[in-house]
Amino acid sequence: MTTFNRSLRRRAGSLPFAPLAPVLVASLLLMTAPPRATEPLKGAVSALFAPGQRWATRVRRRAFRWVIRCRLGLATAAQQQDLSDELQRLRQRNEELETALALAARRDQSEEDAEGASSPSAPLVRPALVQARVLGPQARAFLERLDLLDAGRDAGLEPDALVFEASTVVLDQGRNAEFSVDDLALAGRRIVGKLVDVGPQTSVVRKVTDPGYRDLVQLAQPSDEGLRLGARGVLEGAGESLCRIRMVEVTEPVATGDLVLAAGETGASSFGAVYGRVARVERRPGDVHWRIWMEPAAGQDSPGEVAVLRLQTNPERIARAQDEVGSP
Amino acid sequence: MLSYGLLICGAYLSVVLDTALAPAWTIGSAAPDLLALTALSWTAVSRRSRAYLAAAALGLLADLNATGRLGVGMACFALVAYLLASAQPQLGRLPVWLKAAALAPAIAAQTLAIGLMRKVLGEIDLGIATMAVRCLAVGGYTAAVSLPLLMVCEWVRKPRWS
């Protein structure tokens, strides 16, 4: 105990510098030693530590590999969890859609049953689609030589009339396919235009953007519950990329992005044919109608093939009527 | 004798880990100087009055494992350990975390002294400001590493019986 206290007292005071002096002198001497003389010593020390360094390096590499494996494992587990959640969501959504589909089917069935109960038969007139190819300039020239280009002549359509080539659409079907003027030409559910001239074998389509094009349209706003039908108006082609919609009163709600649906009496409304979307809406002071511009859904280019929407009588109704006439 | 055995083992382990694990635990340009930590920790916790001589020996070991002239580390380790040993009675009364904090400037000073001497000898070509910042980072990092070691030392040395 006495020894310990003496040691403490000595350290609490100044430490003897004498033992440090030779250390400093030795270090100064070592500093002046040429590197060539110290290299063997360094080599020996390096060899002494080499096994330990190799072992430590091996341990470090293994630890790194283990850490990377753990990270990858965690990442894979997280991805699996995400995918599992996504699958669960999709299954739930699928069930909801199946339920909605079943409800809709049941509703349709009940409506049909109700119609069947109230009316003697199915609808008398049905919309039907007839496919037709769009003729290009070469095909038109060929048909002209054969005197088969039987539509569009009144509108000045000639094979060399380049003015019409870009804007006029000529179809390879006409009255032979029971086409008639004002039938709508569709690409999918997008309206390309209307038939303006129908010949025996060909017909001419006036595109939505062409000047003089007019049709009755109805606006519709997409919502969570589906489409909400809005105001009706008159679509007019102006020879520009955008069409005008007129006669929509400013009291009606209209917004950019609203769908423009066909609302004429060609059966297109029940078919759900789309003209395009509202691209611009303006209202100037004193206006009673919106100034609406529509971007056509069919675009500017003519499609290679269109479907012409035409109304046809229901053969079942005709047959039933004939049976009723024939029976006593 | 046992404590010297521990010191030798600690020094060996420090050199090995300093060289083998430097790429793994370097943050920016700072890595802990485990050999300096061993030397100064030994000086700080040792009750021997000439513990700084062991620190000088570890400094020589550092020189032998470094490129450049011998003696630089030896002299710096010895001087810093001598100053730390002078303050050892006050240091001994501090809690562990303050002891670790006190090691930070000591290690930073020692590393800076070595760097400056090697700069004077023309062995390294770094600006003094850069060197100082790096030395401070090394000091802080090493002090942080020293905390668990000092806690173990404290736990071993603390009498657990009456």
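User: Which residues form the positive surface patch?

Analyst: Start with what counts as positive: Lys and Arg do. In this predicted model, the patch is formed by A:Arg54, A:Arg58, A:Arg61, A:Arg62, A:Arg65 and A:Arg69.

User: Take A:Arg62. Where is its place in chain A?

Analyst: A:Arg62 sits in helix α3, residues 35-118.

User: Is A:Arg62 buried or exposed?

Analyst: Compare its relative accessible area with the cut-off. Exposed means over 50%. A:Arg62 has 57%, so it is exposed.

User: Now strands. How do I read the pairing of β8(A) with β11(A)?

Analyst: Two strands pair if there are at least two bridges between them. Strand β8 (residues 243-246) and strand β11 (residues 291-296) of chain A are joined by three bridges, and they run antiparallel. Look at A:Cys243: its bridge partner in β11(A) is A:Met294.

User: How many bridges join β10(A) to β11(A)?

Analyst: Six, and these strands run antiparallel. Strand β10 covers residues 274-282. Find A:Glu282; opposite stands A:Arg291 in β11(A).

User: Next, backbone angles. What is the phi of A:Asp182?

Analyst: A:Asp182 has a positive phi of about 80 degrees, yet it is not a glycine. A:Asp182 belongs to the loop between β2 (169-171) and β3 (184-187) of chain A. Its relative accessibility is 40%, so A:Asp182 counts as partly exposed.

User: And where is A:Met247 found?

Analyst: In the loop between β8 and β9 (259-262) of chain A. A:Met247, also a residue other than glycine, has a positive phi near 65 degrees. With a relative accessible area of 52%, A:Met247 is exposed.

Methods
Residues are numbered from 1 along each chain as its sequence is written. Chains are lettered from A and ligands numbered from 1 in the order in which they are written. This is a predicted model: local features need pLDDT of at least 70, side-chain atom pairs count only at pLDDT 80 or more; totals for chains, interfaces and linings use all residues. Side-chain values use heavy atoms; hydrogens and water are left out. Patches are made of residues with over 30% relative accessible area and no salt bridge: like charges are joined within 9 Å, nonpolar side chains (Val, Leu, Ile, Met, Phe, Trp, Tyr) within 5 Å. Accessible areas come from the Shrake-Rupley method with a 1.4 Å probe; for residues, only the protein chains shown count as cover. A salt bridge is a side-chain nitrogen of Lys or Arg within 4 Å of a carboxyl oxygen of Asp or Glu. The place of a charge is taken as NZ of Lys, CZ of Arg, CG of Asp or CD of Glu. Helices (H or I, at least four residues) and strands (E, at least two) are DSSP runs, numbered from the N terminus. Buried means under 20% relative accessible area, exposed over 50%, partly exposed in between (1.4 Å probe, protein chains only).
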